[in-house]
Amino acid sequence: MISWKSIRGRLAPSPTGAQHVGNARTYLIAWLSARSQGGRLVLRMEDIDSPRIKPGAAQQAVEDLVWLGLDWDDGPVAQTERLVLYEQALATLAGQELVYPCTCTRTDVERAASAPHQEHEGPTYPGTCAHRRAADAAALGDQPFAWRFRVHDQPITFLDGYRGTTTLNPRNQAGDFVVWKSAGTPAYQLAVVVDDALMGVTEVVRGDDLLPSTPRQYLLYRALGHLPPKFAHVPLVVGPDGRRLAKRHGDTRLASLRAAGVKPEALIGLLAWSCGWLERVQSITAKELAPRFRLDTIPPQPFVLTPQLLDAIGYR
Ligand SMILES: [Zn+2]
């Protein structure tokens, strides 16, 4: 039993680009969830996706969070400083024969996969290299290979703090999934599980675009001998066309709002209204929202950010 005193959440920006209004909404929800329970927060930079990392984006993310009035107790901790921990986890998985070396290229996987491609995920891995044992890696010489985790055809049920009881079969999400890339770096799924487990994170509040990752992460928690945290997957922010907030919807970067003179309390007020914590858009700080916080008032559909709403908070 976890007492309320040991609640620990996290803010985990990915410095692959600038933080925008959509990110701010998820951070606000995650921050309020931890703080309204008297919990602590860790700030973690998810910066292992090296080719996509933008110089200065990590520092910018810190400034954005400070501007929003969202604080943290530990960090920032960078994933790139923790590679040895991910290597140890990989060795643990290999020792249990839960991973195998995969020499398939992306094209190989696409060609062999019969199932339709999953959005964002690529095709389901057809199991071409699943006959290999972990020790076979030694015989591959200079041939580049990834490590894949063996997934059984077994649904996973978990209690999502926002969605309620959720059942997903990791077999249908991506099949045997990559935990270590052929480039020699850990994959997102492994790094995030190792971090949340070792940092003592007890609750993960994140966008529902990551929901399909959760059963895979459950498998990793189990394999590494850790208890999974409580997950809550909340709806994302979309543009007027219903698509995920992106450049095509105009400049919604927090740095741009800040430069245009938008007050953080105005943006927090807009986001709080979108979550059902305020009856109308009005200025408020994140701290002042803590007593109003609840997950069940957040509408299940994505929040549609329109130019009119941005105009209403002074962004023009
Ligand atoms: Zn393969």
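Which geometry does the site of the zinc ion have, given the angles among its four donor atoms? In this predicted model, local features need pLDDT of at least 70 and side-chain atom pairs count only at pLDDT 80 or more, whereas totals for chains, interfaces and linings use all residues. Residues are numbered from 1 along each chain as its sequence is written, and side-chain values use heavy atoms, with hydrogens and water left out.

The zinc ion is coordinated by Cys102 (SG), Cys104 (SG), Tyr125 (OH) and Cys129 (SG), at 2.0 to 2.3 Å, where donors are N, O and S atoms within 2.8 Å of the metal (3.2 Å for Na, K and Ca) and, as water is not among the atoms, sites may look incomplete. The angles among these four donor atoms run from 99 to 122°, and the site is tetrahedral, a term applied to four donors if all angles lie between 85 and 135 degrees. Along the chain, the donors follow the spacing C-x1-C-x20-Y-x3-C. Cys104 and Cys129 are both buried, that is, under 20% relative accessible area with a 1.4 Å probe and protein chains only, whereas exposed means over 50%.

By contrast, Pro240 counts as exposed because its relative accessibility is 52%. Pro240 lies in the loop between β11 (237-238) and α8 (254-259), helices (H or I, at least four residues) and strands (E, at least two) being DSSP runs numbered from the N terminus. Leaving aside residues up to four places away in sequence, Pro240 touches His249, Val304, Leu305, Thr306 and Pro307, contact meaning heavy atoms within 4.5 Å. The C-alpha atoms of Pro240 and Asp251, which are 11 residues apart along the chain, are separated by 14 Å.

Terms used:
Tetrahedral: all angles 85-135°; square planar, octahedral: opposite > 155°, others 65-115°.
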